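Hi everyone, thanks for coming. Have the viewer open and follow along while I talk through a few spots.

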Amino acid sequence: MNLLSIENLAKSYGERVLFSNVTFGIDEGDKIGLIGVNGTGKSTFLKVIAGVEAADTGKITAGGSVIVEYLPQNPEFDDQATVLEQVFKGHSPLMKVIRDYEQALADAEKKTADADCQQRIIRLSQQMDAQNAWQLESDAKIILTRLGITDFTAIVSTLSGGQRKRVALASALINPADLLILDEPTNHIDNDTVAWLEEYLARRKGALLMITHDRYFLDRVTNRIIELDKGKLYTYTGNYSSFLELKAEREEQAESSERKRQNILRNELAWIRRGAQARSTKQKARIERFEELSAQTPELGQGQIEIAAGATRLGRKIIEMEHLRKAYEGKILINDFSYIILRNDRLGIIGPNGSGKSTLLNMIAGRLTPDQGRLEVGQTVKIGYFSQESSEMNQELRVIEYIKEEAHFLPTADGGTISAAQLLERFLFPPHLQWTPIVKLSGGEKRRLFLLRVLMSAPNVLLLDEPTNDLDIQTLSILEDYLEDFPGAVIVVSHDRYFLDRLVDKIFAFEGQGSVKQYPGNYTDYQHRIGVQAAETVMAAKTRNTAEKKPPAQERPKERPRKLSFKEQREFEQIEDVIAGVEQELAQIAAAINTAGSNFELLQELTVRQQELTGRLDELLNRWTYLNELVEELSN
């Protein structure tokens, strides 16, 4: 079933054409990823599809009952609303009755003896029953908890920027919609929550259109990729891996067509230069064809962002940390952390939001002082810090002025130099854009510019705090290539699993109560090790409980029947399958515990269920032992 049809859509800002003549459709069950270089108009495209902005030309046709839910990159909030009020902000009757019911409960806590309030709760409860709203309210609280929001009565104005984004994401997910439009949903959430969201969206019924630069996310959720490139929209069937193959084929065909065009142009130009008479109709047609070919613009790719890996000399001593401790408002973020950073270290830092990852980077960068411990930085160390916020950018400066404030030239690995203007071009800032005020750049372009300024300082230790937020996939790929050859240490905080898998060889995991544990390998290696540890814990508990609960031999029945009863025969035939089923569910529970993160409510539920299943497994193993002994005795 077709949900939306888009015909000849176009949008421009002044002389800048974002997209034109865009035509495509969205069907029920489509899960579409929108990608493109920063500044191509991806967010604007979503706003037009969602009806938030008007297109210059074109038409969007939706089915009569199609409901669209949209999560912008920078959502608007009611600062005085509670978390639940913000989540149930929709205008549908269902959202309104849930909001009224939550408000009535809040009023009842303040006026416990108010009979009118009690009657209101009864009336709203009946409306909740009639609209089947209880499940939606329960789903909202579960989703908020999985996103790390446990105080449902907190006022929105008291939340951090990342927490607000997660509240807005929860609102988008629980509102019933035929088409869900998400702009960068994986920003500001930790690795475990990204994995949960990935699974949730893959299972969700209904169409999905989203922008994300998480390549694993695109590969595992989407079944279509659309790409904005130079104002045109290209559609590819399949996930991100399929897109890479199909795009390579498209660009090869475009390059082949361009080579043929250039050959024809050379032949026609040679013919014209020979002084051919242009009197006959045939000769005039040939000249017109030459002019037409000359006017054509080749459809080639964006080109590559090239970064020359250059850095200042790094001495023997880098950074030494010994018994570091840091607390904030009574909460211990880092406790007794020690590590010596080596020249070619590639360290990935992971953990729940608010656990202290950025705090550790800020201490290494000298922006924060540890409460206890020793942190020494070598004399030759030059730190480049790519922080989450680039608010220190002077928005009135022009692009090239901002870069030249840091340096006019960057030393390269081969001993040469590259000018600020040349490096800007390699970062997809062509000459005409270099004189644009920063305030006119898109959010992604500002992040790319901020990254360029950090690299322009020629650091030999790089600190990257969530570098994948707001950077397009092309920039990320080339940044990864650069970091692989970077002649210094790299320490990165990231929730992008692909980025961590490709780049790092050690993981530092924040595991609560200030504990920071080190794991060798990349992020996939870390996940595997955690899974193995969880399975070993379950097996150890199972073995211990079996030994404790196994009944003594003298307590077993001394006299056994000469044959199995019908019930025992059936039980004997089925018990191994039952045991396998319980063991499989225990493994699933262990995996869920591993991915539950800081969701303590869910962890408690999973732990209780794990204990129940372990007890059940012990009973089944005891019964299996008894039946096997009985069968063996009867056989003898």
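Let's start with Leu34, whose bridge partner in strand 8 is Ile226. Strand 8 covers residues 224-229, and four bridges join it to strand 3, with the two running parallel. When I say strand or helix, I mean DSSP runs, numbered from the N terminus: helices are H or I with at least four residues, and strands are E with at least two. And two strands pair if DSSP finds at least two bridges between them. In general, strands of a sheet pair through backbone hydrogen bonds, either parallel or antiparallel.

Before going on, a word about where this comes from: this is a predicted model, where local features need pLDDT of at least 70 and side-chain atom pairs count only at pLDDT 80 or more, while totals for chains, interfaces and linings use all residues. Residues are numbered from 1 along each chain as its sequence is written, and side-chain values use heavy atoms, with hydrogens and water left out.

Back to strand 3. What about strand 7, residues 207-211? Strand 7 also pairs with strand 3, in the parallel sense, over four bridges. There, Ile32 has Leu209 as its bridge partner.

Zooming out for a second, the protein chain has 20 helices and 20 strands. Of its 636 residues, 47% count as buried.

Next, an open sheet of three strands, in the order 2-1-4, with antiparallel pairing. Strand 2 (16-27) and strand 4 (57-62) are at the edges with a single partner strand each, so one side of each has no neighbour in the sheet. From one strand to the next, the twist averages 10 degrees. For angles, axes are lines fitted to C-alpha atoms, for helices over the stretch in contact, and angles run from 0 to 180 degrees between N-to-C directions. Strand 1, residues 2-13, is joined to strand 2 by eight bridges, running antiparallel, and Lys11 has Phe19 as its bridge partner in strand 2. Lying across strands 1, 2 and 4 is helix 1 (residues 42-50), which runs at about 130 degrees to strand 1.

There's another open sheet of three strands, in the order 11-10-13, and the pairing is antiparallel here too. Its edge strands are strand 11 (331-341) and strand 13 (372-377), each pairing on one side only. The twist in this sheet averages 25 degrees from one strand to the next. Strand 10, residues 319-328, pairs with strand 13 over five bridges, and Ile319 stands opposite Val377.

Now some helices. How do helix 3 (residues 93-110) and helix 5 (residues 134-146) cross? Their axes come within 10 Å and cross at roughly 70 degrees. That makes helix 3 roughly perpendicular to helix 5; the cut-offs are under 35 degrees for roughly parallel, over 145 for roughly antiparallel, 65 to 115 for roughly perpendicular, and oblique for the rest. Helix 3 brings Leu94, Met95, Ile98, Tyr101 and Glu102 to the contact, and helix 5 brings Trp134, Leu136, Glu137 and Lys141. Contact means heavy atoms within 4.5 Å.

Over to Asn191, which lies in helix 7 (residues 191-203). Asn191 is buried, with a relative accessible area of 5%. Its side chain reaches the backbone oxygen of Ser494 at 3.4 Å. Leaving aside neighbours within four places in sequence, the contacts of Asn191 include Ile350, His495 and Tyr523.

Last stop: backbone angles. Most residues other than glycine have a negative phi. Glu184, though, has a positive phi of about 55 degrees and is not a glycine. Glu184 lies in the loop between strand 6 (179-183) and helix 7, and is buried, at 3% relative accessible area. Lys230 also has a positive phi of about 55 degrees without being a glycine, and is found in the loop between strand 8 and strand 9 (232-237). That's me done, thanks!

How values were computed
Buried < 20%, exposed > 50% of the residue type's maximum accessible area, 1.4 Å probe, protein only. Polar contact = N/O pair within 3.5 Å; in protein donor to acceptor, adjacent residues only side chain to side chain.
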